[in-house]
Amino acid sequence: MITLNVVMRANSVSCIGFGLVFLAIPIQVTNFLGTVSQVSDTVLFLLGIGLIINGLHLFWASRQLRPSKMLVNYFSIGDFIWLLASIFLVTMEIWIDTSAGVLVTMVVAVVVGGFGVVQKVLRREV
């Protein structure tokens, strides 16, 4: 059975993983995503740090017996912002203009948005 804590931990792993990728190989990430307007190293660095902090916070929250509704809403809203920002960047061709970059960005965005939805649904059930 999938529990709220398991979903939050998966979300945590996703955040930390992408944060580490953004920090470890920013040039490869930039080149993979875009050719015309590329994301700056500073933006990737800040996103990487932010994702790692968010992931660690998510992991901490997932260790609580019953994470508060406020905490779950906080993380879910962040997930929805990621989804909407990804759609905006792809649609406007800002930083993301390669076919592979668009595909991966949208797949990740849907998964992250899914984390947000599932977290909210499972929190209501607890």
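In the predicted model, helix H4 spans residues 69-91 and contains 23 residues, and the distance from its first C-alpha to its last is 32 Å, which is close to the 33 Å expected at 1.5 Å a residue. Just after H4, glutamate 93 adopts a positive phi of about 55 degrees.

Aromatic side chains form two pairs in the structure. In one of them, the ring centres of phenylalanine 18 and phenylalanine 22 lie 6.4 Å apart and the ring planes meet at 55 degrees, so the pair is classed as tilted. Both residues belong to helix H1 (residues 4-24), and because phenylalanine 18 and phenylalanine 22 are four residues apart there, about one helical turn separates them. Phenylalanine 18 is partly exposed, with a relative accessibility of 33%, whereas phenylalanine 22, with a relative accessible area of 11%, is buried. The aromatic pair formed by tyrosine 74 and phenylalanine 75 is edge-to-face, with 4.9 Å from centre to centre and 65 degrees between the planes. Here tyrosine 74 is partly exposed at 45% relative accessibility, while phenylalanine 75 has a relative accessibility of 3% and counts as buried, because that value is under 20%.

A nonpolar patch is found on the surface, where Leu23, Phe45, Leu46, Ile49 and Ile53 together present about 450 Å² of accessible area. Helix H3, which comprises residues 41-62, makes the greatest contribution to this nonpolar patch, supplying four residues. Phenylalanine 45, one of the patch members, lies in helix H3 and has a relative accessible area of 47%, so phenylalanine 45 is described as partly exposed.

When residues up to four places away in sequence are not counted, threonine 30 touches Gln38, Val39, Asp41 and Leu44.

Methods. Residues are numbered from 1 along each chain as its sequence is written. This is a predicted model: local features need pLDDT of at least 70, side-chain atom pairs count only at pLDDT 80 or more; totals for chains, interfaces and linings use all residues. Side-chain values use heavy atoms; hydrogens and water are left out. Patches are made of residues with over 30% relative accessible area and no salt bridge: like charges are joined within 9 Å, nonpolar side chains (Val, Leu, Ile, Met, Phe, Trp, Tyr) within 5 Å. Accessible areas come from the Shrake-Rupley method with a 1.4 Å probe; for residues, only the protein chains shown count as cover. A salt bridge is a side-chain nitrogen of Lys or Arg within 4 Å of a carboxyl oxygen of Asp or Glu. Helices (H or I, at least four residues) and strands (E, at least two) are DSSP runs, numbered from the N terminus. Buried means under 20% relative accessible area, exposed over 50%, partly exposed in between (1.4 Å probe, protein chains only). Rings of Phe, Tyr and Trp (its six-membered ring) pair if their centres lie within 6.5 Å; planes under 30 degrees apart count as stacked, over 60 as edge-to-face and the rest as tilted. Contact means heavy atoms within 4.5 Å. The expected span of a helix is 1.5 Å times one less than its number of residues.
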